[in-house]
Every structure is written in C-alpha cells, then in structure tokens.
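The notes follow in the order in which I checked them.

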Amino acid sequence: MDWIDSIERAVFLRSLFPEAPSLHGVRVLELGLHQDGPRVLIRFDLNEFPARPPAKWGQSQANRVQLRLMGIGVRRLEVRGWSANSIVDIEVTPATSDGVGLVARGEGFSLEAVFDHLSLDGVSAYQDSGV
C-alpha cells in the first residue's frame, strides 16, 4: 500500500503513476482553509513526471505535475511557519478509525493534520522552464 491508496478519487493519478511518486522535497504552493467541511487544501508540485502523460500534456510541452489534496472533516490541524519557498517532505498515513493523516515538514514550514477523508481535488500539468 502506498500513499495514493490512502486518498480518495485518485483513479486518474494512479493511471499516471502506477507506482506512487515520491513526496520528498516537494514545493508547497498553497495552503487554504475553508469553513465548509471544514476542509484544508494543499497544492504542491511533484518532482516526478509520468512516463506516459496524457497527449494534451505532451502537446503543451508540460514537464511538471501539480496536485491539489483536500482534507475534509478536519479533526486536528497544526501549521507552523510559511515561506515563499516551502520545500517539504509529505507523509500520508492510511485511514483508521482516527482518520487519515497528512504531515508536511520542511525548513520554515510544517503541517500536521488528521481528516475524516483525504481526497484528490485536482491534477494538472504545466511547463516549468526551471526544470
């Protein structure tokens, strides 16, 4: 079992990555808190690109994948720090009766959370000229 198995609505992501990509050293771009749910959105770039990307990604010369994970039903949330360059290691813990966990830790930023559900909110790709 890998981290993709711990999130809901991940069929498309699994088709891109039969083996889960690493969540070490990923760049967090956004952290959003919403009263509905309550829920937490975390948006970040992966460091890996799929071997067989969708045709439209190839046509746009995309080379970077961005994920949006949504934690729904916040049971516990602790955030420390934030920076313009939040590089973190993310760990997703499988769902139990206590919920599903997400921990993101890096220099100057950390997030520790437990949710009722952790869902894939979106997958996109873009061309990163710095890659």
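I began with E112, which I list as partly exposed because its relative accessible area is 21%, the class lying between buried (under 20%) and exposed (over 50%), with a 1.4 Å probe and protein chains only. The model is predicted, so I kept to its limits: local features need pLDDT of at least 70, side-chain atom pairs count only at pLDDT 80 or more, and totals for chains, interfaces and linings use all residues. Residues are numbered from 1 along each chain as its sequence is written, and side-chain values use heavy atoms, with hydrogens and water left out.

I then looked up the partner of E112 and found R105, the two side chains meeting in a salt bridge at 3.0 Å, N to O (a side-chain nitrogen of Lys or Arg within 4 Å of a carboxyl oxygen of Asp or Glu). R105 is partly exposed as well, at 46% relative accessible area.

How many salt bridges does the structure hold? I noted nine. Among them is the pair E30 and R43, at 2.8 Å, N to O; this pair links distant parts of the chain, with E30 in strand 1 and R43 in strand 2 (residues 39-45), 13 residues apart. Strands are DSSP runs (E, at least two residues), numbered from the N terminus. I have E30 as partly exposed at 29% and R43 as partly exposed at 22%.

For E78 and R80, I noted a salt bridge whose closest N and O atoms are 2.8 Å apart; E78 is partly exposed at 32%, whereas R80 counts as exposed at 53%.

Terms used: Helix = DSSP H or I, 4+ residues; strand = E, 2+ residues; numbered from the N terminus.
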